[in-house]
Amino acid sequence: MPHPTQVVALLKSQQIKHVRLYNADRGMLLALANTGIKVAISVPNEQLLGIGQSNATAANWVSQNVVAHYPSTNITTICVGSEVLTSLPNAAPILVNALRFIHSALVASNLDRQIKVSTPLPSSIILDPFPPSQAFFNHSLNRVLVPMLSFLQSTGSSFMLNVYPYYDYMQSNGVIPLDYALFKPLPANREVVDANTLLHYTNVFDAVIDAAYFAMASLNFTNIPVLVTESGWPSKGDSKEPDATLENANTYNSNLIRHVLNHTGTPKHPGIAVSTYIYELYNEDTRPGPLSEKNWGLFDANGAPIYVLHITDAGSVLANDTTNQTYCAAKDGADVKLLQAALDWACGPGKVDCSQLAQGQPCYEPDTVAEHATYAFDAYYKMNGKDPEACDFKGVAAITTSNPSHGSCVFLGRCYFV
């Protein structure tokens, strides 16, 4: 992970106003202070059993991770665990207790109105999701879901759902068309119609959201909003995942952003935007598992975008500034020893990923200190949101509008995102 200050610099440069953390990392919460960015923090699964079994442990967690940072850090949401019902089933019996204990600690600090508590669930707990009107939850989970939904309703919280049309498509054995998963326009005769409601579905995402609404209604809960805590598409995969491509990832996320920002809503609840977190900000190159698991990110570790989103009408939420293509390069005639020292710093304490400069990699040639320094300087500059102070390196670097790209070594001159 880049340093928290670099993460926040990227969020600010891309005008990202909401971020979800998978923990409550103190460094990240301090870096996010006084930015106005709305933050969702998380109780990691490994801490769930302790919190669900002890009101005092929950109160201590809230004291350390919420009260110590709020309101300078704009914490709005606490995610208690992640996909607990499927990934940590032994904790399922204490999940609702954990929600209640965390909420009670917020009440004691008079923060329960400002900060909501819920738990992200996988869409796989919804059985028979199409047609949406027939959807219901896995009955074996109802003993947890009913008190959980009652808690969410009484506290004005959202039903958190991780929605992955990519996996729905992959696991459908050809039943779900790729275009239907990617939000691509379908001819009228290929739109899917729910025979019970006569509602037309043009994409998997909306169908899953409405399936969640109908599944909640089957348990007599009809006024709990759905909040999508994860959705995305991988940009690279191995031979078993041929549809994990840059183009498909770009298409899915671009269309998802447009769909949410246009307040399209779903066929069951038109005009009501479904707030959604995109999974995820950074690629995770050391993550175990299939190649696709490493490649859900919008940016690499240096803060360079994996792809440029296809969005032209998203207004101020995009910092896709094509007129400001600036780079940080080594100054002509700079002292080689000073350049080498600056290069070593950037690739070391500066936390730039310099693997592309290794022999055989795209940016190795030409093998000169100046060329390698320019690559590292520019990466550091991007990581820090193109802050002019991030392009000095004791006087041996300067901002330029000349693109230093050469051959297969490509420098991206823009900061982009939603």
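S157 lies in the loop between α7 (142–155) and β8 (159–162); helices (H or I, at least four residues) and strands (E, at least two) are DSSP runs, numbered from the N terminus. This is a predicted model, in which local features need pLDDT of at least 70 and side-chain atom pairs count only at pLDDT 80 or more, while totals for chains, interfaces and linings use all residues. Residues are numbered from 1 along each chain as its sequence is written, and side-chain values use heavy atoms, with hydrogens and water left out.

- S157 counts as buried because its relative accessibility is 3%; buried means under 20% relative accessible area, exposed over 50%, partly exposed in between (1.4 Å probe, protein chains only).
- The backbone oxygen of V117 is reached by the side chain of S157 at 3.2 Å.
- Apart from neighbours within four places in sequence, S157 is in contact with K116, V117, L152, I224 and P225, where contact means heavy atoms within 4.5 Å.

**Strand β11 and its partners**
- In β11 (residues 226–231), six of six residues are buried.
- β8 and β11 run parallel and are joined by four bridges; two strands pair if DSSP finds at least two bridges between them.
- M160 has L227 in β11 as its bridge partner.
- β11 also pairs in the parallel sense with β12 (residues 276–278), over two bridges, and S231 has I278 in β12 as its bridge partner.
- A right-handed β-α-β unit is made by β11, α11 (residues 246–261) and β12; a crossover is right-handed if, with the strands pointing away from the viewer, the path from the first strand over the helix to the second runs clockwise.

- D210 is found in α10 (residues 204–218).
- D210 is buried and has no salt bridge, and the nearest side chain of opposite charge, K268, is 6.9 Å away.
- A salt bridge is a side-chain nitrogen of Lys or Arg within 4 Å of a carboxyl oxygen of Asp or Glu; Lys and Arg count as positive and Asp and Glu as negative, with His and the chain ends not counted.
- The side chains of D210 and T266 form a polar contact of 2.6 Å; the term covers a pair of N or O atoms within 3.5 Å, and within protein one must be able to donate a hydrogen and the other to accept it, with residues adjacent in sequence counting only if both atoms are side-chain atoms.

**Strand β2**
- Five of the six residues of β2 (residues 38–43) are buried, so the strand is largely enclosed by the rest of the structure.
- β2 pairs in the parallel sense with β1 (residues 18–20) over three bridges and with β3 (residues 75–80) over five bridges.
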